[in-house]
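Welcome! Please take a moment to look over the sequence and the 3D structure before reading on.

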Amino acid sequence: MSADGSELGELRRTVGQPTVADPIFTVRDCNVHYGDTHAIKDVSLDIGRGEVISLIGPSGCGKSTFLRCLNRMNDTIDIARVTGDIRLDGEDIYARKVDPVLLRARVGMVFQKPNPFPKSIYENVAYGPRIHGLARSRAELDDIVYSSLDRAGLYGEVKDRMEEPGTALSGGQQQRLCIARTISVNPEVILMDEPCSALDPIATAKIEDLMEELRENFSIAIVTHSMQQAARVSQRTAYFHLGYLVEVGETNKVFTKPLHRLTEDYVTGRIG
Amino acid sequence: MAEINRKALKSAAETRKLVESSLRSRYARERRFQAYGIAAVVASVAFVGFFFVTIIAQGHTAFFQTYVKLDIDFDPVVIDPEGGREPQALSSANYQKLVKTSLEKLFPDVSGRSDKRTLNSMVSTGAIYELRDMVLADASLIGKTRSLWFPADDELDMYFKGRVDVDVDETSRRFNDKQVLWAESLREQGRIEKRFNTIFFTSGDSRDPELSGIWAAAKGSFFMLLVTIVIAFPMGVAAAIYLEEFAPKNRWVDLIEVNINNLAAVPSIIFGLLGLAVFINFFSLPRSAPLVGGLVLALMTMPTVIIASRSAIKAVPPSIRKAALGLGASQVQTVTHHVLPLALPGMLTGAILGLARALGETAPLLMIGMVAFIVDIPQTPLDPSSALPVQIYLWADSPERAFVERTSAAIIVLLAFLLLMNAAAVWLRSRFERRW
């Protein structure tokens with residue numbers, strides 16, 4: 001694709017509907033630099049309460065970086081610098097008084113590769129509630145662990161093997177264990193960074209079904225390379241390109257009547 | 001741009017012929033390469049085997065000691081002429097005389113001062129102290145006669161261990177023909193016995209080989225390693241964790257890293273000089289003390305521990321850290337709950353290998369006065385002491401034939417400790433290693 005100047009100029013303005021009526025996250029003019037690389041450029045986007053929003057785009061377009069801004073995981077990268085105004089429930093999460101530890105308890109994250117701790121299944125889920133002091137007794141902790149596993153659709157499969165290592169589960173089960181681990185601390189938002197890219201279609205389908213159920217209690221932002229997945233699970237879709245947010249809108253509109261030519265090229269498979 | 005020659009791509013048949021013709025030389029090269037490898041392995045195994053065979057052949061006899069049975073007459077006239085049974089008098093009595101009398105009874109026809117002295121020297125001087133201790137413990141022995149086993153003198157011991165070549169001219173060996181006759185006569189009377197050499201494992205150094213042992217040195221080494229591990233392991237691990245997980249990536253940290261790597265390569269004797277200057281001269285800690293030795297060895301081992309710990313920490317997958325951080329664990333929680341347990345086997349392995357090196361270290365100990373003649377078993381890390389490798393060095397320097405086998409025996413003991421420590425490292429690794 002020839003990225004001529006006029007097209008890049010066009011990129012600077014996001015088309016579609018970046019704002020929503022009842023946002024949980026509001027991001028305004030977000031910029032991220034990794035050293036000399038400008039990874040995210042003037043992105044403004046809302047994430048609605050109780051919605052699933054998918055972030056799509058070709059590799060290196062900045063969608064994962066954007067996701068990591070939302071729970072300040074970029075803080076752990078030495079050379080990353082984040083500017084702009086990012087608010088969770090109206091509160092600036094990059095303000096000096098905000099503790100990233102508390103923020104990450106409110107904004108959970110599921111990673112691309114299932115990464116259970118090399119501990120028992122029980123301990124994997126119990127870890128978060130334990131460090132945050134969410135359970136006053138062992139019985140309460142048990143309840144949290146079992147209901148988290150249940151909500152992640154894993155309880156039936158693991159109820160007799162709680163003491164087995166989490167790493168001994170299959171890939172899809174591991175990913176659902178990671179989701180159980182995330183929801184055990186009762187976050188307001190769950191960020192998912194290509195959660196199904198390492199899974200087979202059946203495990204993927206299970207997680208997609210799970211997302212539909214989780215939407216009742218959590219807002220979800222998911223980065224995905226699969227446009228079918230985005231179409232299946234999300235209400236809104238945001239298309240990123242070269243660090244710009246090109247287009248954002250209702251998922252079926254983005255996929256059927258994209259406003260921007262680049263979006264159209266991408267969703268029809270001409271680029272990406 | 002060069003002209004493109006389309007003929008450069010050969011036909012399938014041609015390609016096949018060319019590949020086939022090159023196969024022979026390729027396989028020959030492969031076989032040659034394997035042969036080099038096998039030769040290298042065989043050579044190193046041969047060296048190790050040769051080393052072990054020599055050491056064990058030399059040293060195994062030291063684990064046994066010849067004992068001589070003497071009928072000791074606890075003559076009151078000799079032990080306590082005044083009859084007061086005063087401990088003072090009893091402890092300063094002439095016990096040598098008891099041994100002499102006993103030997104003279106066995107060999108009544110020996111005359112002449114020189115011959116008598118030679119005869120007396122067949123039994124270890126340790127017999128005298130043994131007799132004194134017996135009398136001091138139980139004064140009722142005085143006046144009685146007892147058959148007692150005493151360690152043989154090292155020359156007699158060597159004779160019975162077959163280390164005296166009787167075919168050599170008498171003047172050029174330390175064990176003369178008369179002694180050979182006496183020794184054989186003792187054997188015929190059933191007065192010679194070989195026993196497990198407990199002295200070797202329970203006593204300190206001595207001028208008499210038959211009374212010398214490695215226990216003082218082993219205990220010194222033990223105290224030293226204790227100090228070393230107590231200091232080097234926590235400090236090394238703490239430094240590694242800070243550098244890997246918390247330190248900012250800047251020039252100063254790079255400089256520290258380079259210096260740690262350099263420190264690991266500093267000759268150990270330099271650490272000895274450092275210990276002498278800092279711990280003994282500046283802090284006035286006692287000389288020859290395992291505490292100082294341990295501190296010096298800790299300084300020497302710490303870079304190794306840091307390097308091993310850092311690579312163990314690096315080997316923990318970043319996904320584990322991300323998982324913990326993403327869940328809202330603080331950085332310290334992430335490290336202590338997840339990174340450290342996963343890195344611990346690697347850290348321990350590194351520390352044990354570092355300690356094994358410290359156990360075998362001699363040079364820095366020479367600098368801080370641990371190369372001393374230590375008879376008493378050290379009771380605390382502040383008592384003067386030597387160490388196993390230093391003891392080996394000291395014995396290797398001694399002229400007596402019997403110290404040769406003891407040198408080798410001490411080497412066997414040291415090697416046994418080293419093998420044990422390495423085995424522990426392997427065990428720890430396999431025991432705690434996790435897959436993910």
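## How to read the model

This is a predicted model, in which local features need pLDDT of at least 70, side-chain atom pairs count only at pLDDT 80 or more, and totals for chains, interfaces and linings use all residues. Residues are numbered from 1 along each chain as its sequence is written, while chains are lettered from A and ligands numbered from 1 in the order in which they are written.

The term pLDDT stands for the predictor's confidence in each residue, from 0 to 100. Chain A has a mean pLDDT of 89, and 96% of its residues reach 70 or more. Residues 1-5 of chain A have pLDDT below 50, and this stretch has 2 contacts in the model beyond near neighbours in sequence. Here, two residues are in contact if their C-beta atoms, placed from the backbone, lie within 7 Å.

## Chain A as a whole

Chain A contains 11 helices and 11 strands. Helices (H or I, at least four residues) and strands (E, at least two) are DSSP runs, numbered from the N terminus. The C-alpha trace of chain A spans about 60 × 45 × 35 Å along its principal axes.

The radius of gyration is taken over C-alpha atoms, and the globule rule is 2.2 Å times the number of residues to the power 0.38. For 272 residues a compact globule would have a value near 19 Å, and chain A agrees with its 19 Å. Of these 272 residues, 48% count as buried. A residue is buried if 20 or more other C-beta atoms lie within 10 Å of its own, exposed if 12 or fewer, and partly exposed in between, with C-beta atoms placed from the backbone.

## The sheet

In chain A, 7 strands make up an open sheet of mixed pairing, in the order β1-β11-β10-β4-β9-β8-β7. Two strands pair if DSSP finds at least two bridges between them. Strands β1 (15-16) and β7 of chain A are at the edges with a single partner strand each, so one side of each has no neighbour in the sheet.

Strands β8 (residues 189-193) and β9 (residues 219-223) of chain A run parallel and are joined by 5 bridges. Opposite Leu191(A) stands Ala221(A), in β9(A).

Which residue sits in the loop between β5 (80-88) and β6 (91-92) of chain A? Asp89(A) has its place there, and its phi is near 55 degrees, a positive value in a residue other than glycine. Asp89(A) is partly exposed because 13 other C-beta atoms lie within 10 Å. Leu242(A), in the loop between β10 (236-241) and β11 (244-250) of chain A, has a positive phi near 50 degrees. Leu242(A) has 17 other C-beta atoms within 10 Å, so it is partly exposed.

Leu103(A) belongs to helix α3 of chain A. Leu103(A) counts as buried because it has 20 C-beta neighbours inside 10 Å. Not counting residues up to four places away in sequence, Leu103(A) touches Asn71(A), Arg72(A), Ile93(A) and Val98(A).

## Where the chains meet

The contact takes 21 residues from chain A and 16 residues from chain B. On the chain A side, α3 (100-106), β7 (107-110) and α4 (121-132) each supply at least two residues, and the largest share, 4 residues, comes from α4(A).
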